[in-house]
Structure formats: C-alpha cells, structure tokens
Amino acid sequence: MQDRKNLLLITIITSLVMVGIFIGIHYVSLAMDDSREFITVGFVYDGDESTPYTANFIKAEKAVREKFGIRVHVIVKSNTHSSDGGEDAIRELVADGCDLIFTTSIGYGEAAKKCAGEFPAVQFCQATSMDANDDPVYENYHTFMGEIYEGRYISGVIAGMKLKEMIDEGVITVDQAKVGYVAAYPFAEVISGYTAFLLGVRSQVPEATMDVKYTYTWSSYNIEKNCAEELIARGCVILSQHSDTTGPAVACEEMFAEKAVYHVGYNQSMIDIAPTTSLISARINWEPYMVSACEAVLENKKIEKCVKGQVHGNDVGAGFDEGWVEMLELNSLVAAKGSDEKIEELKEEFRKGKIEVFKGDYTGVNPDDPNDTYDLNKGYKENSEHSAPTFHYVLQNVITIVE
C-alpha cells in the first residue's frame, strides 16, 4: 500500500513539474516573440491612380491590404508633389502613428532620411534613392528599387524585332532605323534605362540610332505628348518613354494614320490607349519588397533580413530573379513574329545571370563632364552596389540629345 502511495506521489510531482516546465516554456516563448498584432503603414505618392507611375505603387499597396487584412492599417497621402520635399506629408503620417512609411518618389529622399533621424521608432522605406548607406546611416532608413534595366532591355529587343520586320517588309530602310525616347531628366536612372533600351534594339538592328528628348518634369501629359510628336517629326519610328503619363502613347496612336510609328510603354500596359501602335510595356513590381517589409515590421525583424534580393547594407534590389521586374502584355496583333518566345528566353537568361547589357564597342560620355568617358568594351555592371541605377554615360554617335 505504501509503495502505491509513493508511486502516486511521484506521479503527481512529476506531472506538476512537467506542467511547470510547459508553462515556463510557454512564457519564455511569449517573451521571445516580439511580433506585433497590428501596425499602421503610410504611403506617400506624388500622383494618384490616374498616373501610371503612382498606379504601379498602388498595386503593391493593394497587395499589402489583401495580404494582411486588419493587421495592417493603411494611410495614404496622394498628389504630394516632390517639389516640396514631401516633409509635411511624412510628418503627418508619423503623427498619425505610422510604424512604417513608404515614400515612392526620389524627390522625397532627403525629407524621408531627415525624418528617420528624428523618429527612430518608425521604419522609412524610400524607393529609387541610393543614400541609405551614406553618412549618417540610420537603421530605420532603407532604400529599394527593382533592376528595371532588365525590362528596358527586353522592351528594346521587342522594339528591335519590330524595327527589323519594318525593314524586311520595305516599310523603312536601314538608314531610317531610328527610335525615340521621351525622358524625364538627365539622371542616371533615366540614362541607364534608355541606354538599356537602345542596346536591346541594336541587338536586333545594329544600325539603329536613338533621339532622346527631355521633358524636365516627371508628369506632364502635354509636354510628354509634344516631345513625342517632335521625335516622330524627326523620323523616329518607334518611341519609348521614362515619363509618367500616356502622352507619348497617344501621340503614336494619333500619328499612325499618317505613318507607321510604334510605342513601348512603362509602368502599365498601354494597349488599351494605343491598340494599333503599343507593342509592350515593362514595370517594376513593388509588391515583393513592400509585403516583405510589412512582414518584417510586424515580426520586429530587420527588413533586409526578410526581403529576397541583392542586399547592400540598408538597400535592396532585384530583377526578374525575384519577381521585382515584369514584362506586361504583349500586343500580339502588332509585335513581330516570335516576340513572345523571345521574351521568355531573355527572362530566363536574366534569371541565370547570362546577359550583360552594358557592354559593346561604345564610348559613353558623362553629360555633366565631357572629360569623363567610359569604354563599354570592358562592360559595366549595373546595380552592383546599389538598387538604384548608376550608369550615366550617353553613348557617342548612336544617341542624340534633342534640345
């Protein structure tokens, strides 16, 4: 009998010890789990859904809403033009209790970094800038961008295939193989983009040249359309753009009744706007970064530990390899035969790191310093140190800047 009592006592004590251990582990786990149930996330836009550039970010914002539901409360500041630095809008979002703020135009960079220094409890993620690792470095200030030159290059290849088709069919001669580019500013981001586009074109038609016309504004329908019309008048038969409205696409569509001229878009498909002239568009997909950044803040983890991409300190970028760059709908009724297969081939080669875009028998000249030149025979590795583009040399003899 005594043995049974002792056995029962031992069993009870053992059970209590096990319960105590379980409870202890549970509370230790709770103590170690710093995840948050809810966060507030702010978005600062220089436009709204009517402009392709901002609409592209809004797609990612919607993905955040769908992914997290009530766990993420979203506050949006639209049409906050970057000419004022965006500081007032950013401070309003901080006052509204935002834990994470996405600023989506390069013009917000200075204000975003300044506020990051003042509000260390808030995470600031600035798109298209490259100053996250510059002094002063703030652990709560981050930069990010998709490696869009990959999409620009493929867009150029598709334009080049169309150009070759036009030559083969006698629509134009080889010496008329000229493309145009409506460009916002002579910044590295823009120069890198139009250079990649032209090199894509020349992979199909080596004789092709390009005229570039700057708008000196990011978003003006009338200016962009006028620039496009001027490029068409100069003999450009395919136009692309790094500007924020549909003006160039409309200019091509309106001109088509008089002469064959085609368009390559950016940020959104423009086939509905220019059904007889639009070939294809490329865009940065901001969703992978923004969703991962929200997950990181919810889990109290460092953003760069949660985002899949090429990490450079507090900066992250990626291309087709991580789904950060996308080709949009191909206009099969207009594009040259074999374009769809070519797109898939090139995307796979980019994923495998087999394409070196910025290489060839070219000399580039820095538009701000004619004495600064670059020999592309040795190649230039874009995005090797920053998510934002750095190539800023205008190719001699093949690119003309139209004043």
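**View 1. Helix 3 and its neighbours.** The buried residues of helix 3 pack against strand 1 (39-44), strand 2 (72-77), strand 3 (100-103), helix 4 (109-118) and strand 4 (123-127). Contact here means heavy atoms within 4.5 Å, and helices (H or I, at least four residues) and strands (E, at least two) are DSSP runs, numbered from the N terminus. Please keep in mind that this is a predicted model: local features need pLDDT of at least 70, side-chain atom pairs count only at pLDDT 80 or more, and totals for chains, interfaces and linings use all residues. Residues are numbered from 1 along each chain as its sequence is written, and side-chain values use heavy atoms, with hydrogens and water left out.

Which residues of helix 3 are buried? In this helix, residues 87-95, they are Ala-89, Ile-90, Leu-93 and Val-94. Because they cover an arc of only 140 degrees around the axis, they lie on the same side of helix 3; the arc is that of the directions from the helix axis to the C-beta atoms. Asp-88 and Ala-95, on the other side of helix 3, are exposed. Buried means under 20% relative accessible area, exposed over 50%, and partly exposed in between (1.4 Å probe, protein chains only). Just after the helix comes Gly-97, with a positive phi of about 90 degrees.

**View 2. Helix 5 meets helix 6.** The axes of helix 5 (residues 149-168) and helix 6 (residues 188-202) cross at roughly 35 degrees and come within 6 Å. Axes are lines fitted to C-alpha atoms, for helices over the stretch in contact, and angles run from 0 to 180 degrees between N-to-C directions. The crossing of helix 5 and helix 6 is right-handed: the near helix is turned clockwise from the far one by less than a right angle. On the helix 5 side, the contact includes Tyr-149, Arg-152, Gly-156, Gly-160 and Leu-163, and on the helix 6 side it includes Ser-192, Gly-193, Ala-196 and Gly-200. The residues of this contact divide into 9 nonpolar, 6 polar and 1 charged. Here Ala, Val, Leu, Ile, Met, Phe, Trp, Tyr, Cys and Pro count as nonpolar, Asp, Glu, Lys and Arg as charged, and the others, Gly among them, as polar.

**View 3. Thr-195 in helix 6.** Thr-195 is found in helix 6. Is Thr-195 buried or exposed? Thr-195 is buried, with a relative accessible area of 0%. Leaving aside residues up to four places away in sequence, Thr-195 touches Phe-358, Phe-391, Tyr-393, Leu-395 and Ile-399.

**View 4. The nonpolar cores.** The largest nonpolar core has 97 residues, and those with the most contacts inside it are Phe-102, Leu-163, Tyr-194 and Tyr-289. A nonpolar core is a set of buried Ala, Val, Leu, Ile, Met, Phe, Trp, Tyr and Cys residues joined through side-chain atoms within 4.5 Å. Not counting residues up to four places away in sequence, Tyr-289 touches several partners, among them Phe-102, His-142, Ile-303 and Trp-324. Cys-98, Ala-112, Ala-116 and Phe-124 are included in a second, separate core of 17 residues.

**View 5. Backbone details in the loops.** In the loop between strand 4 and strand 5 (141-146) you will find Pro-136, where the peptide bond from Asp-135 is cis, with omega near -5 degrees. Asn-79 sits in the loop between strand 2 and helix 3, and its phi is near 55 degrees, a positive value in a residue other than glycine. At 39% relative accessibility, Asn-79 counts as partly exposed. Asn-300, in the loop between helix 9 (287-298) and helix 10 (303-306), has a positive phi near 55 degrees and is partly exposed, with a relative accessible area of 41%.
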